[in-house]
Amino acid sequence: LCCGINTESLPFQCVLTGKWINDLGSTMTIGPVNGDGNFGGSYHTAVSATSNKIQVSPLQGSQHPTKQNSQPTFGFSVKWSFSDSFTVFTGQCFVDENGNEVLKTMWLLRSDVDKIQDDWKATRVGINVFTRLHSQE
Ligand code: BTN
């Protein structure tokens, strides 16, 4: 059988829990989503705006209920443990045309600056696309 989509393997819902990798090579693990839609996890960034040694950092987030939407919107923040920066991500968990789950996100990275005159250059913005890592399930 060539090139078709196996519709039987299409996940009904896009589920945030699990391990993900993004277009930069950063990985994250999202834990169970509780009844209020809240979750915790850990983030291992592949890159940094600082010269500090990268360390795995905690994340905390929340999603809208999957009862109402099989492709939930979500947000999470990463409190970097190796720098004084913070990143917030927001996005949506989609099932793409091949049946693969994908997280389409945008982020804001707030860096620490020494003085208010430098505030203008303290925030970066970008997008990241995450796909599920099946290696260590
Ligand atoms: C820092 O540089 O102070 C902390 C690390 C920031 C990593 C950023 S967050 C947005 C982007 N996506 C990633 O996976 N890593 C970078």
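**Close-up views of the ligand and the pockets**

View 1. A polar side-chain atom of Tyr-43 sits 2.7 Å from a ligand oxygen atom, a polar contact being a pair of N or O atoms within 3.5 Å. For Ala-49, a backbone N or O atom lies 2.8 Å from an oxygen atom of the ligand. In Asn-22, an N or O atom of the side chain is 3.0 Å from a ligand oxygen atom. The protein covers 97% of the 410 Å² of accessible area that the ligand has on its own (Shrake-Rupley method, 1.4 Å probe). This is a predicted model, where local features need pLDDT of at least 70 and side-chain atom pairs 80 or more, while totals for chains, interfaces and linings use all residues. Residues are numbered from 1 along each chain as its sequence is written, and side-chain values use heavy atoms, without hydrogens and water.

**View 2. Now look at the largest pocket.** The ligand takes up this space (more than half of its atoms lie within 2 Å of the grid points). A pocket is an open set of points on a 1 Å grid over the protein atoms alone, where a 1.4 Å probe fits, with protein on both sides within 12 Å along at least five of seven lines; lining residues have an atom within 4 Å of a point. The volume of the largest pocket is about 280 Å³. Thr-45, Val-47, Trp-80, Thr-87 and Leu-109 are the closest to its centre of the 19 lining residues.

How values were computed:
Polar contact = N/O pair within 3.5 Å; in protein donor to acceptor, adjacent residues only side chain to side chain. Points joined across faces, edges and corners; volume = space filled by probe spheres on them.
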